[in-house]
Amino acid sequence: MSRAKGKINVILHPPTNEKDIAAIQEAFGELYAHIIEKELAKHDLTYEEKVYIFEKVCEQLAG
């Protein structure tokens with residue numbers, strides 16, 4: 001029988017350096033692009049349709 005483990009509390013402090021903030025945003029942007037790519041691969045769409053959907057998502061994120 002295993003022992004019950006307590007919760008681990010983690011406190012994250014946001015970066016104050018602009019370079020670090022930009023690097024984090026870049027990493028999350030790339031991750032989000034990969035998620036969209038994987039989701040589009042699941043559907044039977046043409047290359048042009050996939051590009052169109054991806055561009056529309058990028059427009060919505062930018063605006």
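**Labels and their cut-offs**

Guide: Two salt bridges are present in the structure. The model is predicted, with local features needing pLDDT of at least 70 and side-chain atom pairs pLDDT 80 or more, while totals for chains, interfaces and linings use all residues. Numbering runs from 1 along each chain as its sequence is written, and side-chain values use heavy atoms, without hydrogens and water.

Visitor: Why is the contact of Lys 42 and Glu 39 called a salt bridge?

Guide: A salt bridge requires a side-chain nitrogen of Lys or Arg within 4 Å of a carboxyl oxygen of Asp or Glu. For Lys 42 and Glu 39 the N to O distance is 3.0 Å, so the pair qualifies.

Visitor: What makes Lys 42 exposed and Glu 39 partly exposed?

Guide: Exposed means over 50% relative accessible area, buried under 20%, and partly exposed in between (1.4 Å probe, protein chains only). Lys 42 has 61%, so it is exposed; Glu 39 has 39%, so it is partly exposed.

Visitor: Which residues form the salt bridge at 3.6 Å?

Guide: Glu 59 and Lys 56 do, at 3.6 Å from N to O. Both lie in helix H2 (residues 47-62), three residues apart, about one turn of the helix. Helices here are DSSP runs (H or I, at least four residues), numbered from the N terminus. Lys 56 has a relative accessible area of 33%, so it counts as partly exposed.

Visitor: Why is Lys 19 called exposed?

Guide: Lys 19, found in helix H1, has 67% relative accessibility, so it counts as exposed.

Key:
Helices (H or I, at least four residues) and strands (E, at least two) are DSSP runs, numbered from the N terminus.
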